[in-house]
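This briefing describes the structure shown below.

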Amino acid sequence: MLILDHLTHIYDHGTAMASTALDDISLVIPPGQFIGLIGHTGSGKSTLVQHLNGLLKPTSGNIYFNGADIHDDGYDKKHLRSKVGLVFQYPEHQLFEIDVFTDVCFGPKNLGLDKREIELRAYTALKQVGIDDEYFYQSPFELSGGQKRRVAIAGVLAMKPEILILDEPTAGLDPRGRDEILGQIALLKAETGITVILVSHSMEEVAKYVERIIVMNKNKIAYDDSPAKVFAEYKKLEEIGLSAPPMTYIMYALKEKGLAVDTKALTVETARDSILMALKIGNP
Amino acid sequence: MIKDITLGQYYQTDSIIHRLDPRVKLVATVFFIISLFVVRGFTGFILAGLFLVFAIKLSKVPFKFMVRGMKAIIFLLLFAVVFNLFLTPGEPAVSFWKITITWEGIRLALTLTTRLIMLIMGSSVMTLTTTPNNLTDGMEKLMKPLGYIKVPVHEVVMMMSIALRFIPILFKETDKIMKAQIARGADFESGNLIKKAKSLVPLLVPLFISAFRRANDLAMAMEARCYRGGDHRTKMKPLVYKTRDRFAYLGMLIYLIITIFADRMIPL
């Protein structure tokens, strides 16, 4: 359980270049949720997630992890970082070891675990992101872009976090790589039940997976609700430069024309079923 | 985390110093540094200090920024002070146990630190008020005569400007990689020297890789736009001296004459 209490962050506080990146953010992140954090470039998403594991210190406000203030004196930040795993944008840029397996071991090794536990965790994490044994002893730099990224995610997973935060995990990947990564994450979530926060600027991308969407606009929280309720505001979303998934538009347009469809449908399949159903009722 | 290094960073604001021709600022900085090494007594240092404060005031860059740049050389300063204080022979001022501090040592330590501090501050005024592009434009123009003796001025300057341009990028990159590794439990702060050096590997390897990647991309982008060095290249905004630049040169000359003369006339 992670609680953010009136968080404000100002970069270069007290200088001429001071700029507010977070403005009075309050959030509760209960265990086991799959959350999408959405906002435009520069809306403060990345700054926000860097507060969650204590990398940045808020200018004012508090963060509580499992009941303890993470900026209290003597609070074990390393422990926090193992429990709140943060995968940065382009995480493959942080790979450095001679082979994939050793690189994934880096995180658990820093936690001071014994060798068997480290290797077990690394193995499990690599399996969780779908990397086959044959790649384990290759240099991480020889892998494809999508594979590198999955190895980097495994590097964080190996610390066994309770909360996994992924900052734009699909940036720069082709559609196939994107679907693979998101599919793996959804699978991981289903298998382990950890909390996942997916940061993205695309509604469409997260719509399929998450159960809660937090929309950030101009360093504040604009919406915090279930996807269906957030997408119902699609006109207002456009005003802040975002858009609902294409299916939402179609369904709302159909409804406006008098067809009793379910506007919550997000995928082609559910939309088709809903349209067919509505047509059947309309013309028995 | 590493925002403290100001050398090579530009501070955006509008001031008379910002608007000066980069050649003026380059020449003035060089002469200011020369003046620091020509003067011997404190009269000269006081005058140089006044001149520096005047220039900083004119530049509208907060004084804090200049001081922040100092953190980078604090160890160098400490070394210089300690060595000069204890190892200069001469008339003893304080003496306890086996250590003697001489008047000459105090004087030397003081002059050295003043010189170093003013040197860094003086060059900071230049780099903080001049965009790297402008700076290298100025250098190119100033070094043009070297072209006659087959020095590839344009290429050298281009390399410098790219290097300068990469400083903030690499800082950002370092910050990012550092954070990413800290998120994986890395510890850059505690431990002895060997442990600290070892802990830099997860930072340096990705940093080098990213620097090479960026260099590669840049080279490709330049070639794609048919870049072929300095021959027959023209500038969109050629540098032209204005009245204020002439006055600045004059001001600098007056400063030099006054400082050096005063330093020789009134020894302190």
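**Contact between the chains**

In this predicted model, 17 residues of chain B are in contact with 21 residues of chain A.

- On the side of chain B that touches chain A, the elements giving two or more residues are α8 (153-183) and α10 (201-224) of chain B.
- Helix α8(B) supplies the largest share of that side, with seven residues.
- By class, the side of chain B that touches chain A comprises ten nonpolar, three polar and four charged residues.

**Helix packing in chain B**

- Helix α2 (residues 22-38) and helix α6 (residues 103-129) of chain B have axes that come within 10 Å and cross at roughly 175°.
- This crossing makes α2(B) roughly antiparallel to α6(B), because angles over 145 degrees fall in that category.
- From α2(B), the residues B:K25, B:L26, B:T29, B:F32, B:I33, B:L36 and B:F37 take part in the contact. Their counterparts in α6(B) are B:R115, B:M118, B:L119, B:G122, B:S123, B:M126 and B:T129.
- Eight nonpolar, four polar and two charged residues make up the contact of α2(B) with α6(B).

**Domains of chain A**

- The domain assignment divides chain A into domain 1 (31-54 + 76-227) and domain 2 (245-284).
- Taken over C-alpha atoms, the centres of domain 1 and domain 2 of chain A are separated by 34 Å.
- Domain 1 of chain A gives four residues to the contact, and domain 2 of chain A gives four residues.
- The side of domain 1 of chain A that touches domain 2 of chain A holds two nonpolar and two charged residues, with no polar residues.

**Sheet in chain A**

- An open sheet of six strands in chain A has the order β6-β7-β8-β3-β9-β10, with mixed pairing.
- At the edges stand β6 (84-87) and β10 (220-225) of chain A, each with a single partner strand, so one side of each has no neighbour in the sheet.
- From one strand to the next, the twist averages 15°.
- Strands of a sheet pair through backbone hydrogen bonds, either parallel or antiparallel.
- Strand β3 (residues 34-39) of chain A pairs with strand β9 (residues 212-217) of chain A in the parallel sense, over five bridges.
- The bridge partner of A:L37 in β9(A) is A:I214.

Technical notes: Residues are numbered from 1 along each chain as its sequence is written. Chains are lettered from A and ligands numbered from 1 in the order in which they are written. This is a predicted model: local features need pLDDT of at least 70, side-chain atom pairs count only at pLDDT 80 or more; totals for chains, interfaces and linings use all residues. Axes are lines fitted to C-alpha atoms, for helices over the stretch in contact, and angles run from 0 to 180 degrees between N-to-C directions. Helices (H or I, at least four residues) and strands (E, at least two) are DSSP runs, numbered from the N terminus. Angles under 35 degrees count as roughly parallel, over 145 as roughly antiparallel, 65 to 115 as roughly perpendicular and the rest as oblique. Two residues are in contact if their C-beta atoms, placed from the backbone, lie within 7 Å. Ala, Val, Leu, Ile, Met, Phe, Trp, Tyr, Cys and Pro count as nonpolar, Asp, Glu, Lys and Arg as charged, and the others, Gly among them, as polar. Domain bounds come from an automatic or database domain assignment. Two strands pair if DSSP finds at least two bridges between them.
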